[in-house]
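Open your viewer and keep the sequence panel beside it. This tour tells you what to select at each stop and what you will find there.

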Amino acid sequence: MLEKSLTDLINRKIDGALTPEEEARLAKRLATDANARGLLDDLSHQGLLAQKMAVVEPPATLKPSIMRAIEQPALRARRSWVAHSFGQFFSTRRRVQYAFAFSGGMVAGMLILAVGLGIVRVGPHEESDAAGTSIIESSTPVFQPIEERKISLGDIQGTISTASGRGEHLITLQLKGPGDSRVLLALQPETAEVTGIENLDGSKGDYTVHPGGIELRGRMAYRLVLRGGASVRVTVTSSGKKSYDGEFLLER
Amino acid sequence: MSDREDQVLVSRTLAGDRNAFGGLVDKYQKAVFNLALRMVQDRDDAEDIAQHTFVKAFSRLSSFNESFRFFSWLYRIALNECANCLNRRKRHEPLSETLASDEGREAAEIESDEQRFLQEALADLQEGDRALVLLKHSEGRSYEEIGEILGISAQKVKSRLFSARLKLREILLRKGVRANA
């Protein structure tokens, strides 16, 4: 068993923190003490091993995911500023009646404007089937199927399919996996956006839409409408591990 | 890039320039990711930790005390995130079992048997001791810098590091790793 003053000297030797006088004292001791020499050699060796540990490149997705994530609080802050301003305006009970009057006026005004501009058609539909289903307007995108991929990787099973029409795209995820699963859809270019989302089953989960993509957590049965974009990269993570990573083209 | 340049990037970020924060991510993402990878020894967890670290740093940047170094503050956040991850994992499996799997080994990109034994020995160390050894030997930080990161005095860093090294040596000896072996 080595005394504490000696182990301290050895530790400081490894860190290159000894004075010349301490160096001399340690050298003298090492010359006659095999245990002390063994300790110095072992600690130097393990220090070298730790120094030589491989340096791993971080994933290329790390910085983009950080930059996307820091955009979220800014969006929320902007939303809360708007909410705060409206809240201030309608803060007192006395003003609630003004709020109703204001909202009613706004709705009426927008309807009149929409009718005037021909956005809303008044009157009977020119085309409808026997069941009364609305006609498909010429501006409504008709989605043409592009691809359907079967996924069967580890504990993730199901399909991902894409369809496209007039600048909009439909991506349908019907995946099953553990409750901690996450699906990240990154759109290319990032100016593309998610304009609609529909849950296809009743399971629990939530999602976050951010510029250039969406993250789904928990459930994985959704239909998403995307505007713009040439491709989408789908990354599925379950039980903390990446289970699927694939790119889908959104145009034929 | 110097500490002064970090301060400039911090100030520009606080003034609303997100590209400046991107500069800080560029500079430190590799170090934070590798520190996390060595602490938790799982690539996906390390990626999550690195992301949470930078997002937290961004959201709390206004509370950053400029008398400290930015990287010390960032590393402290990263180590807290590692601790949270390890606490969550403790409920499921010990760290050394994660490493024992092929996936764990691949994640840590271990090059030799000795490196593998070192990773396993580090996994057996207590979290605080592991952080000290990694900050000193892998990161090459001084006692003062480690003290700033961990919020303890340089003197305390020295004594705890010495004891962490001795514990690591004991574990390595049990695995048959020693100098000139």
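In which handedness does α1(A) pass α2(A) in their crossing? Hold that thought while you set up. This is a predicted model, where local features need pLDDT of at least 70, side-chain atom pairs count only at pLDDT 80 or more, and totals for chains, interfaces and linings use all residues. Residues are numbered from 1 along each chain as its sequence is written, chains are lettered from A and ligands numbered from 1 in the order in which they are written, and side-chain values use heavy atoms, with hydrogens and water left out.

**Stop 1: two helices**

Select residues 4-14 of chain A for α1, then residues 20-32 for α2. Helices here are DSSP runs of H or I with at least four residues, strands are runs of E with at least two, and both are numbered from the N terminus. α1(A) passes α2(A) in a left-handed crossing. Left-handed means that the near helix is turned anticlockwise from the far one by less than a right angle; clockwise would be right-handed. The two axes come within 11 Å and cross at roughly 115°. Axes are lines fitted to C-alpha atoms, for helices over the stretch in contact, and angles run from 0 to 180 degrees between N-to-C directions.

Now show side chains. From α1(A), Leu6(A), Leu9(A), Ile10(A), Arg12(A) and Lys13(A) meet residues of α2(A), including Leu26(A) and Arg29(A). Contact means heavy atoms within 4.5 Å. By class, this contact has 4 nonpolar, no polar and 6 charged residues. Ala, Val, Leu, Ile, Met, Phe, Trp, Tyr, Cys and Pro count as nonpolar, Asp, Glu, Lys and Arg as charged, and the others, Gly among them, as polar.

**Stop 2: an open sheet**

Next, colour chain A by strand. An open sheet of 5 strands runs β1-β2-β3-β8-β5, with antiparallel pairing. Two strands pair if DSSP finds at least two bridges between them. Which strands are at the edges? They are β1 (144-153) and β5 (193-199) of chain A, each pairing on one side only. Neighbouring strands of this sheet are turned by 15° against each other on average, direction ignored.

Zoom in on β1(A) and β2 (residues 156-165), which 9 bridges join. Glu147(A) stands opposite Thr162(A).

**Stop 3: Lys176(A)**

Select Lys176(A) in strand β3 (residues 168-176). Is Lys176(A) buried or exposed? Lys176(A) counts as exposed because its relative accessibility is 66%. Buried means under 20% relative accessible area, exposed over 50%, and partly exposed in between (1.4 Å probe, protein chains only). Leaving aside neighbours within four places in sequence, Lys176(A) is in contact with Asp155(A), Ile156(A), Gln157(A) and Met220(A). Pick Ala221(A) too: 45 residues separate it from Lys176(A) along the chain, yet their C-alpha atoms are 7.8 Å apart.

**Stop 4: β4 and its partners**

Select residues 182-188 of chain A, strand β4. β4(A) pairs with β7 (residues 213-217) over 5 antiparallel bridges. Arg182(A) has Arg217(A) as its bridge partner there. β4(A) also pairs with β9 (residues 231-238), over 7 antiparallel bridges. Look for Gln188(A) opposite Ser231(A).

**Stop 5: two cysteines in chain B**

Finally, select Cys82(B) and Cys85(B). Cys82(B) counts as buried at 0% relative accessibility, and Cys85(B) counts as buried at 6%.
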